[in-house]
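Let's take a friendly walk through this structure, one region at a time. Please keep the sequence and the 3D view open as you read.

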Amino acid sequence: MTKSKFVMIWPPFLASNIFPLSIPFLVSYLKQKGVGDVEVYDMNIAYWKTIKPHWPLYMLFRRGYGILKNSGPALSFVCDFIKGKMSEVLENMETKGKGSIPWSLSDILTSLHQDGWLYERNKIRLLLEPVFTKECPALACISINYPEQIFFALTIARELKEKWGDNIHIVAGGAQVTKHIGYLIKSEDVYRLIDFFVVRDGEEPLFRLIKGFANRDFSNIPNLYHKDPNKAGVYIFSGSHFCLYPEDFTVPDFSGFDMGVYDDIFPLIVSKGCPWGQCAFCSYSGMHDRKFYGGSVEKTLEVIRGMENKYGSSSFYFLDDALRPAFLRSLSESLVRNNIKISWTSSIILSKEFEDPEFCRFLKQSGLSSVSFGLESVSRRLLKLMNKYHQDLDLEEIRKILAVIKSGGICISVCVFFGFPTETRQEAKATLDFLLGNIDLFDEVRMQTFCLEDLAPVFQEPEKFKITKIYTQDKSVGRRLSYRFETTEGMTQEETFKFTNEALAIFQKAFKKKRHVEH
Ligand code: SF4
């Protein structure tokens, strides 16, 4: 390979204005290993800009936000109100965006050999102009982390291949590739477009792919699917695995992402996997074989300081599945001791350790502004079946933990979902009633419907959860592209959707000021 340029693409369409972390992590790793010629193209923001009049309004708001926010409590209140409205506009845009593209996995794959979706395709072609006017890159890496990006990622690949044919090689990676690899590698249309897939952590595989491209020996590259040179239409998996351990994390490199567009809160990750990792519905921890690798506080401070120096960041959003109480304790002590003044948010596991008011006040003092956690349900029966960490806590204990966290001045975001196999309408209603009856104990609720996904224990042992049939031909349900299924007990999926919509409407009517989101 004589060309040396690599393009990394972050595809549309996400309404979130929080920086992605996948590409910045990859770029940082590659640069550290001496691969400097990497160009990042944020097509998501490029796509946003085409949606008028939202874009100018959004930018106007962003410019005024910092000034208003620091101009006294009244204006700060107005500012937060407008910010909430802006988020709603973005969420609506995302919903509309989803309505204009094929959604189920099989529809997305079928769309690749159809002539429809011209509006979106033309838009993508236009957005690729800056790439097309340059020399053909050796490799284009497309990071696909959200279901919304799958259609656009494949459309981008289609346009790149139409322009440059086999002169360009395309590698796709990210959480959605890891989740749907079994489907992707079986599609003839995908085979024409994607030369390589990287599952799980992509840092070392991508580095080795870039370095080893010339001799075309891909067999030893970990986490890599490459085309079988002896059999058309078939991908081969390298067979070896790579995991980027927390001690090897580097300061993410946000080159290519416009600092003026994204929120000032920076994503950060300090561990790998979930410290509990046992929830029966969870596919996240399945991505790391339910293993957990905790990062050290020293490494975390090193990365925070690196980001402060490089980007002036003082606000962080920990993307870890959950931070352990012991880690939170040491981190907050170190932040205070070292006089590091940041604000940060994190996911936690609901644990009795948060019953300690002193601990919660100290977390707040160290800059922890909000926590989120999966309550999921208030039914002890279901929590046991789900194998949640907090399955042995009763409602009084849960209330007490929430009250102590809140009294420490930390905001709380609660996640619940309806329709876990065997859940009855009465059980779902009890969870809704708990939320309605304890509104002062949290600041935001996320209501979802249960999603049946490959990497979750429920999928692997469906009979244990009274699931009698899984429709594996397609993945089409909900935002996570999960499976349709049948169960002998509890609500059907249709009943669950109906219940969730009713619950959202009730919640919205009763508590207009609380945020309530359905994923
Ligand atoms: S649901 Fe949350 S706590 Fe449970 S295993 Fe998954 S990431 Fe961990």
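This is a predicted model: local features need pLDDT of at least 70, side-chain atom pairs count only at pLDDT 80 or more; totals for chains, interfaces and linings use all residues.

## Ground rules

## Two domains

The protein chain splits into domain 1, made of 6–52 + 101–237, and domain 2, which covers 265–450. Taken over C-alpha atoms, the centres of domain 1 and domain 2 are 32 Å apart.

How many residues of domain 1 are in contact with domain 2? Seven residues of domain 1 are, and they touch eight residues of domain 2. On the domain 1 side of this contact, four residues are nonpolar, one is polar and two are charged.

## Helix 1 and its surroundings

Helix 1 spans residues 22–32 and is mostly covered, with eight of its 11 residues buried. The buried ones are Ser 22, Ile 23, Pro 24, Phe 25, Leu 26, Val 27, Tyr 29 and Leu 30. What do they pack against? Their partners are strand 1 (6–10), strand 2 (38–42), strand 3 (139–143) and helix 11 (203–212).

After helix 1 comes Gly 34, with a positive phi near 95°.

## Nonpolar cores

The largest nonpolar core contains 65 residues, and Phe 281 and Ile 405 have the most contacts inside it. Strand 12, residues 411–418, is the top contributor to this core, giving five residues. Apart from that core lies another of 58 residues, including Phe 6, Val 38, Phe 218 and Leu 224.

Leaving aside neighbours within four places in sequence, Phe 281 is in contact with Met 386, Phe 420, Phe 450, Ala 456 and Val 458.

Met 386 belongs to helix 15, residues 380–386. Is Met 386 buried or exposed? Met 386 counts as buried because it has 26 C-beta neighbours inside 10 Å, and the cut-off for that label is 20 or more. Beyond four places in sequence, the contacts of Met 386 are Cys 279, Ala 280, Phe 281, Glu 376 and Phe 420. One of these, Glu 376, is 10 residues from Met 386 in sequence, with 9.2 Å between their C-alpha atoms.

Asn 387 lies in the loop between helix 15 and helix 16 (395–407). Its phi is positive, near 65°, although Asn 387 is a residue other than glycine. Asn 387 counts as partly exposed because 14 C-beta neighbours fall inside 10 Å.

## Two buried loop residues

Arg 200 is found in the loop between strand 5 (196–198) and helix 11. Arg 200 is buried because 20 other C-beta atoms lie within 10 Å.

Leu 481 has its place in the loop between strand 14 (467–471) and strand 15 (484–487). With 22 other C-beta atoms within 10 Å, Leu 481 is buried too. Not counting residues up to four places away in sequence, Leu 481 touches Leu 105, Pro 147, Lys 475 and Ser 476. From Leu 481 to Val 7 is 474 residues in sequence and 28 Å in space, C-alpha to C-alpha.

## A parallel strand pair

Strand 9 (residues 315–318) and strand 10 run parallel and are joined by three bridges. Within this pairing, Tyr 317 has Thr 345 of strand 10 as its bridge partner.

Which residues form the covered face of strand 10? In this strand, residues 343–347, the covered face consists of Trp 344 and Ser 346, while Ser 343, Thr 345 and Ser 347 make up the uncovered one.

## Around the ligand

We finish at the ligand, which is surrounded by 13 residues, the closest being Cys 274, Cys 279, Cys 282, Ser 285 and Asp 321. By class, this shell has eight nonpolar, four polar and one charged residue.

Note on methods
Residues are numbered from 1 along each chain as its sequence is written. A residue is near a molecule or strand if its C-beta atom, placed from the backbone, lies within 6 Å of it. Ala, Val, Leu, Ile, Met, Phe, Trp, Tyr, Cys and Pro count as nonpolar, Asp, Glu, Lys and Arg as charged, and the others, Gly among them, as polar. A residue is buried if 20 or more other C-beta atoms lie within 10 Å of its own, exposed if 12 or fewer, and partly exposed in between; C-beta atoms are placed from the backbone. Helices (H or I, at least four residues) and strands (E, at least two) are DSSP runs, numbered from the N terminus. Two residues are in contact if their C-beta atoms, placed from the backbone, lie within 7 Å. A nonpolar core is a set of buried Ala, Val, Leu, Ile, Met, Phe, Trp, Tyr and Cys residues joined through C-beta atoms within 7 Å. Domain bounds come from an automatic or database domain assignment. Two strands pair if DSSP finds at least two bridges between them.
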